[in-house]
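Okay, thanks everyone. Let me put the structure up, and then I'll walk you through the ligand site and a pair of helices.

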Amino acid sequence: MKFKQVYDMVGHLPCTEESQCRLLYDWIMEARPAECLELGFLYGKTSCVIAAALQEIGTGHLTSMDMEGVKHHQGNPNILENLKKTGLQDYVTPVFSPISYTWELKKQIETHSADGRCQPFLDFIFLDGAHLWEPDVCAFFLAMKLLKPGGWFLFDDYLFTIEKSDWWSREPQMKDKPDEYRKESQVERLVTLVVSQHPDIESVTIRDNWVWARKRPDATIPSGPTVAHLTKTVARRWLLEKLFHPKR
Ligand SMILES: C[S@@+](CC[C@H](N)C(=O)[O-])C[C@H]1O[C@@H](n2cnc3c(N)ncnc32)[C@H](O)[C@@H]1O
């Protein structure tokens with residue numbers, strides 16, 4: 001599907017603006033990532049844009065994760081309805097999490113792990129979710145395990161702060177947060193202190209408000225040490241817990 005065609009159908013939805021959607025579409029058309037992951041889809045605007053490019057290429061798949069609650073937002077159709085409207089359902093698997101995308105990434109790592117190694121399968125990851133230090137640092141480390149060597153990470157909203165965000169600044173849970181947290185550019189800190197210091201990241205490019213980071217093509221897939229299970233000591237502790245703290 002051409003960009004104009006998909007944008008005519010989803011362009012009215014909030015979040016990523018047209019020029020960024022265009023950039024994303026063109027990048028997908030050029031890089032042709034086979035397996036994509038999006039963390040944060042809201043109504044599925046960028047999911048539809050990515051899917052339209054994959055359809056145009058003729059192959060590829062997007063897994064997209066968000067919270068269960070976005071299925072029932074008032075005011076806009078949800079991702080399922082937008083995928084139906086655009087006819088792009090075959091290209092996207094939406095995951096509605098009751099917990100967080102970091103929880104869903106745990107499941108992905110479980111699925112792709114064997115013999116103490118996580119086999120990466122993703123070519124492209126778009127992180128456009130919380131924009132907060134705790135979930136997104138965690139998401140980055142988990143998702144890096146799933147990203148193939150040579151694959152790309154895209155981070156939204158480099159200049160984000162809670163104070164500048166219409167949505168987050170109104171959230172009750174942010175009201176009692178200290179100034180240093182509300183004023184911090186949390187995506188910038190993630191990129192500067194974590195992404196660009198990661199040994200498997202080869203390059204980091206900031207363009208407008210987006211950050212592109214590439215995983216080294218020669219990055220290895222590490223296997224951890226053998227885990228020594230001292231079965232008897234674990235069993236004894238379990239038994240003592242059962243006897244003396246049955247409710248824990
Ligand atoms: C900016 S919106 C995504 C917009 C979308 N990429 C687009 O442009 O069409 C951010 C989304 O991230 C989701 N989000 C934030 N933190 C999350 C978390 N910990 N787990 C899952 N989703 C999360 C929010 O529910 C919200 O829908």
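This is a predicted model: local features need pLDDT of at least 70, side-chain atom pairs count only at pLDDT 80 or more; totals for chains, interfaces and linings use all residues.

So, the ligand: 18 residues surround it, and the closest are Cys15, Thr16, Gly40, Lys45 and Ala130. Residues are numbered from 1 along each chain as its sequence is written.

Which strand gives the largest share of that shell? It's S2, with three residues. S2 spans 61-67, and helix H3, at 45-57, also supplies at least two. Helices (H or I, at least four residues) and strands (E, at least two) are DSSP runs, numbered from the N terminus.

Now stay on H3. Ser47, Cys48 and Ala52 in H3 meet Ile79, Asn82, Leu83 and Thr86 in H4, contact being C-beta atoms, placed from the backbone, within 7 Å.

Back to those four on H4: buried or exposed? Ile79, Asn82, Leu83 and Thr86 are buried, with 20 or more other C-beta atoms within 10 Å of their own, again placed from the backbone. They cover an arc of only 100 degrees around the axis, so they sit on the same side of H4; that arc is taken from the directions from the helix axis to the C-beta atoms. The buried residues of H4 pack against helix H1 (3-10), H3 and strand S3 (92-97).

Terms used. A residue is near a molecule or strand if its C-beta atom, placed from the backbone, lies within 6 Å of it. Two residues are in contact if their C-beta atoms, placed from the backbone, lie within 7 Å. A residue is buried if 20 or more other C-beta atoms lie within 10 Å of its own, exposed if 12 or fewer, and partly exposed in between; C-beta atoms are placed from the backbone.
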